[in-house]
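Subject: Structure handover

Hello,

I am passing on the structure we talked about.

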Amino acid sequence: MNPALGLLHPYPFERLRSLFAGVMPPADLPHINMGIGEPQHPTPKVLLDAIHANLGLLSKYPPTGGTPEFLTAVAGWIHRRYGVEVDSSRQILPVSGSREGLFAVAQAIIDPSTRPVVLLPNPFYQIYEGAAIMSGAEPFYVPTVAGTQFLPDFSVVPAEVWPRVQLVYLCSPGNPTGAVMSSEHYKSLTQLADEFDFLIVSDEPYSELYQSEPPYGGIQTQHPRVVVLNSLSKRSSAPGLRSGFIFGAPDVMDKIRLHRTYHGAAPSSVVQQASAVAWSHEAHVDENRRLYREKFEVCQPMVNQVLPCEIPAGGFFLWAKIPESSRWAGSDETFARELYATANVTVLPGTYLAREANGQNPGAGYVRIALVADLATCVRAADAMRELEKN
Ligand SMILES: Cc1ncc(COP(=O)(O)O)c(C=O)c1O
């Protein structure tokens, strides 16, 4: 067996199952799941229609390099969104959801023979860590905490580590904090990438779910060491479609394309053609954004009465702090367990989304609340949190 498998950590939802083991929530209250970031808004009709219209393509193998319609649609979206012209035949590839692409890119890029290091934000989306480990690299956790506006603090990376860095994962807007990186943040990191010869993989599935300004994107750096992943899961509320793209400079993408030819994870042509329609259509995304904004406006003040939190710049999570002075004494696990036991509402303890580094787990004392259900359901859950405080 591959010994790296033994280094993988349990997934956050496994840990949540253990935390809730033996707890019996009230049977008369329907379960409200705010633990998992799975969009619950209806899948847009344009997308469903496009799936139906293309079902005949099930009789064909999908092209690894992308259908012409998919590549053109993504290039068109990139141009409209970021004002950047791209060579669609060389700079874009379809992926079966960004999760798969995030994992695969490390396997294609990392040279395991040179004690490689992969930097990742902490807390983080767990795939970055698994991808690093399975590629033979050592993960190095870069804190994204309140003191740095939840942006990665690369000053903690020791001088002797930088020459070993081969890949840096970024997440903007961040999961779980919703923080957005500016062009200056990208610039300071691309300078380091040039100096130490590493690749930046910018994970941006929440790029279209923002409050006021559309977030800056890695594509806008136009830097040859920046690879970007995006997907339709959040933008188009279609996590089951498993459709996203990787973008990068032609020479890097040639390597990734070669890897993907063998990896064999190209989305079905049905999915690619339907995705082309979704990337070309913005009205459903506007509506999606409106729904999330409405939920933030209503729910954040309610949750904030119990757990201090702010409306984030992007994404659909509240990253809420458990006060030390509360009866949960700052424990995210105690809060999550009690909320589940009394109200049948699931939130994710921040501890499970981060790793201890330098004696500290930067997710500890927070819970991640995914505002994915409809407004009324989110309000019921926020109310349950307020009730909990009264007990
Ligand atoms: C930060 C982040 N990246 C990537 C993904 C994976 O998304 P996809 O559905 O495109 O695989 C998620 C999903 O929750 C996420 O939160």
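Predicted model: local features only at pLDDT ≥ 70, side-chain atom pairs only at ≥ 80, totals over all residues.

Residues are numbered from 1 along each chain as its sequence is written, and side-chain values use heavy atoms, with hydrogens and water left out.

Ligand site

The ligand is surrounded by 15 residues, and the closest are Ser98, Asp203, Tyr206, Ser233 and Arg242. A residue counts as near if one of its heavy atoms lies within 4 Å of the molecule. By class, this shell has six nonpolar, five polar and four charged residues. Here Ala, Val, Leu, Ile, Met, Phe, Trp, Tyr, Cys and Pro are nonpolar, Asp, Glu, Lys and Arg are charged, and the others, Gly among them, are polar.

Helix H5 (98–109) and helix H8 (232–235) each supply at least two shell residues; H5 gives the largest share, three residues. Helices (H or I, at least four residues) and strands (E, at least two) are DSSP runs, numbered from the N terminus.

Polar contacts are pairs of N or O atoms within 3.5 Å. A polar side-chain atom of serine 98 is 2.7 Å from a ligand oxygen atom, and an N or O atom in the side chain of asparagine 175 is 2.8 Å from an oxygen atom of the ligand. On aspartate 203, a side-chain N or O atom lies 2.5 Å from a nitrogen atom of the ligand. The protein covers 92% of the 390 Å² of accessible area that the ligand has on its own (Shrake-Rupley method, 1.4 Å probe).

Sheet

An open sheet of three strands has the order S9-S12-S11, with antiparallel pairing; two strands pair if DSSP finds at least two bridges between them. Strand S9 (317–321) and strand S11 (348–349) are at the edges with a single partner strand each, so one side of each has no neighbour in the sheet. S9 and strand S12 (residues 366–370) run antiparallel and are joined by five bridges. Alanine 320 has valine 367 in S12 as its bridge partner.

Backbone details

Asparagine 122 and proline 123 are joined by a cis peptide bond, with omega about 5 degrees. Proline 123 is in the loop between strand S3 (117–122) and helix H6 (127–134). Another cis peptide bond joins serine 172 and proline 173, with omega about -10 degrees. Proline 173 is in the loop between strand S5 (165–171) and helix H7 (183–196).

Regards

Conventions
Polar contact = N/O pair within 3.5 Å; in protein donor to acceptor, adjacent residues only side chain to side chain.
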